[in-house]
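Here are a few exercises to work through with the model open beside you. Try each one before you read its solution.

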Number of protein chains: 2
Amino acid sequence: MEVSNESYSEVSNRLFFRLFQSANLLHKKGTAAVEEYGVTTQQWSVLGVFYRNQVIEEGGISVGDLSEYLLVSRQSLTGTLDLMLNKKYIKKVTNPRDKRSKLIQITPKGRTLWSNLQLPITEFYQSALEGISFDDQTSILHYLNKIINNMEAM
Amino acid sequence: MEVSNESYSEVSNRLFFRLFQSANLLHKKGTAAVEEYGVTTQQWSVLGVFYRNQVIEEGGISVGDLSEYLLVSRQSLTGTLDLMLNKKYIKKVTNPRDKRSKLIQITPKGRTLWSNLQLPITEFYQSALEGISFDDQTSILHYLNKIINNMEAM
DNA sequence: AAAAATACAGCAATATATTGACATAGATTT
DNA sequence: AAATCTATGTCAATATATTGCTGTATTTTT
């Protein structure tokens, strides 16, 4: 089928417009889903990082590595981490190998919170993905990875 | 194929994590793509609204309708609109039919900006969608619509 | 060994996102 | 007609996002 330039433009415009909107809704509804625990979607993303094998092995993660992994600026991350520090979900220790660097570690309180978050987060995701098969979810993930890789390469 | 609960969780966690990241990159790289014009991705989204048939016919759009269309809060929109007012890309007029309401309209300066933005925006989108066919782009849009509808229904 | 370049985390300014609240205006109920 | 409820846009507080910059520390070059 021949596809006009107008159609291409319309689809890509709509696609990115919806991407923008879906992320806003993800934050709004996701934060509401765990309202009783008083954390935001970004904070739970940070907590999730401590359960990655590499981070467990290294006994924490630096601000720089966390920034790269989450794809947010170090400055934005500092603000989020400060809030989590105040709530005592994480702690910062000086990196023994590099005095410039700090290692972020999860606390026991943070671990308890993470356990408590599993059920509401799972329910939220299941609700958001209602009617989308596992194969389709895998396709979406594949496409998002591709788009992210393309934008990172800019 | 039997899919374990762990796999489901992993895919949905990754999917939403990537959604969060792709939106951040969209704003970062999109704003950089039009850096010479000094507007953000949200501001160009607002400008694009004035070219919708219904908005053209009605001679503008209210803050409330704009908020609903963009899926952002009225309060966030007020801030973005104020910046665009200062730059004189838009103007506000009292709604003749409802004194509480204001109609937002694009200015000639805003129209010139919108014209100038078309090429860099198109190039940005094309680059971000490199290697993704038109049919696949249509699929992504379909999935995003579905996820948005699901989250709106929460 | 000393100088230069780079890395790390955070400060500052700015933009955008949320929720709760408020003053004014319109719609509905009594 | 008056009272009550709902709608509209903005104010305020807070969270998170960016870029540019800075002080300190490490690495690389001379």
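**Exercise 1.** Find which residues have the most contacts inside the largest nonpolar core.

*Solution.* Keep in mind that this is a predicted model. Start with the core itself: the largest one has 84 residues. Inside that core, F16(A), L117(A), F16(B) and L117(B) have the most contacts. Now zoom in on L117(B): leaving out residues up to four places away in sequence, L117(B) touches V34(B), Y37(B), V39(B), W44(B) and L47(B).

**Exercise 2.** Work out how chain B can be laid on chain A.

*Solution.* Turn chain B by 180°, with a shift of 0.0 Å along the axis, and it lands on chain A with an RMSD of 0.0 Å. The two copies are therefore related as by a two-fold rotation axis. Next, check the contact residues: 100% of those in chain B recur in chain A, so the same surface serves both copies.

**Exercise 3.** Describe how helices α2 and α5 of chain A pack.

*Solution.* Take α2(A), residues 41-49, and α5(A), residues 74-86: their axes are 10 Å apart and the angle is about 80°. That makes α2(A) roughly perpendicular to α5(A). On the α2(A) side, Q43(A), V46(A) and L47(A) make the contact, and they meet L77(A), T80(A), L81(A), L83(A) and M84(A) of α5(A). Sort the residues of this contact and you get six nonpolar, two polar and no charged.

**Exercise 4.** Is T41(B) buried or exposed?

*Solution.* First locate T41(B): it sits in helix α2 of chain B, residues 41-49. Its relative accessibility is 4%, and buried means under 20%, so T41(B) counts as buried. Finally, look at its contacts beyond four places in sequence: T41(B) touches L26(B), H27(B), G30(B) and T31(B).

How values were computed. Residues numbered from 1 in each chain as written. Chains lettered and ligands numbered in written order. Predicted model: local features only at pLDDT ≥ 70, side-chain atom pairs only at ≥ 80, totals over all residues. Heavy atoms only, no water. Core = buried A, V, L, I, M, F, W, Y, C linked by side-chain atoms within 4.5 Å. Buried < 20%, exposed > 50% of the residue type's maximum accessible area, 1.4 Å probe, protein only. Contact = heavy atoms within 4.5 Å. Least-squares fit on C-alpha atoms with pLDDT ≥ 70 in both. Axes fitted to C-alpha atoms, helices over the stretch in contact; angles between N-to-C directions. Helix = DSSP H or I, 4+ residues; strand = E, 2+ residues; numbered from the N terminus. Parallel < 35°, antiparallel > 145°, perpendicular 65-115°, else oblique. Nonpolar A, V, L, I, M, F, W, Y, C, P; charged D, E, K, R; others polar.
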